[in-house]
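Trainee: I would like to learn how to read aromatic contacts between side chains in a model, beginning with the general idea and then turning to the case at hand.

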Amino acid sequence: MSTGTDRDPTVTSTGASVPQTQDPAAVLRRKGSLPRWAPWAILGASLVVVGAVLAATGFSIGLWVFLSAIVYGLVSYVISRVVEGGRKAADRVVTIVVTSAFLLAMIPLVSVLWTVVSAGFARFDVAFFTESMRGVVGAGGGALHAIQGTLIITALAAIMAIPVGVLTAIYLVEYANNSRLSRAITFFVDVMTGIPSIVAGLFAYALFAMIFGPGVRFGFVGAVALTVLMIPIVVRSTEEMLKIVPNDLREASFALGVPKWRTIVKVVLPTTAGGIATGITLAIARVIGETAPLLIAVGFTTGVNLNPFDSRMATLPVFAYTSYQSPGFPPEPSIDRAWTAALVLMLIVMLLNIVARIISRLFAPKTR
């Protein structure tokens, strides 16, 4: 029998009680795991030590975070290797590296969001959404004409791009059978996916300039330019969705004597409706913020124009660009309008992404 406070009886295979010393380090080695507070303690100690060293040599926030991350990773690896073994130590280091990379990638995103929201909130008022810039010099005015132009041109582009993109994807997946035409279409879709947006604007402008003459600019020209950018995105997203439909569903429909076109309409498309709608929504969100093609094909105006087939129209990206590039005097009101236009455009894109996720959830195939 042991009377010491630091002794713990251990029963052997023969039933005898053998005293054992409770060494904290031995307990950690036996358990093979660091306590939950250990990573946070190591991180805090790394921040304090590196901060103290830099305070004496010249403090810098960026250098402090960078060196603290390195010290934290090295110390974590050494302690974890002693206590938990090599595999767990490597796992902790990889986790630290991945987490650090994620936080590093979040810095510019958070910075952009904070800058746009803080700078654009100054003119986020009723007048900005109900007034145009017709006859406005200096303070005042709004972006009603630009918001309306953006919605009209983007809607026209979607009306033209969605049927072409979806039908092209249906042909490639359901009817092409790896033919020469399908390979050519796939090649040109890949090429169109990577073309700069300004090339689409130049193409649309040149096309209509041959018909109406040089200097032609109206909303429909910009819609054609955005259509060129949207079609490959819609084709690719729809094609991938159609490929994941199990062939068993098609064969079951064919076994019942259903024609192929009816199988596609009644079986294949409803199964992938959520994914197709999500891809279309993301394609719209991709092109709604384009500036270069609209600046070339549509131009800019300060008044409201709801007719996309007559005269120039204003759009939010071009409105923000022109307000920032030619602010006038004093420049502050124009720059405030530019930031607010960027904020509104960002909110529209965010709303489209939310709609895409809602559609994906609503139309997702039921698993049970």
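Mentor: Rings of Phe, Tyr and Trp (its six-membered ring) pair if their centres lie within 6.5 Å, and the pair is stacked with planes under 30 degrees apart, edge-to-face over 60 and tilted for the rest. This is a predicted model, in which local features need pLDDT of at least 70, side-chain atom pairs count only at pLDDT 80 or more, and totals for chains, interfaces and linings use all residues. Residues are numbered from 1 along each chain as its sequence is written, and side-chain values use heavy atoms, with hydrogens and water left out.

Trainee: Which residues form one aromatic cluster?

Mentor: Phe121, Phe124, Phe128, Phe129, Phe300 and Phe319 form one such cluster, and the count for the model comes to 11 aromatic pairs. Phenylalanine 124 and phenylalanine 129 are edge-to-face, because their ring centres are 5.3 Å apart and their planes stand at 85°.

Trainee: Are phenylalanine 208 and phenylalanine 218 stacked or edge-to-face?

Mentor: Their pair is edge-to-face, with 5.8 Å centre to centre and 85° between the planes.

Trainee: Is phenylalanine 218 buried or exposed?

Mentor: Buried means under 20% relative accessible area, exposed over 50%, and partly exposed in between (1.4 Å probe, protein chains only). Phenylalanine 218, at 9%, is therefore buried, and phenylalanine 208 is likewise buried at 9%, whereas phenylalanine 124 is partly exposed at 34% and phenylalanine 129 is partly exposed at 31%.
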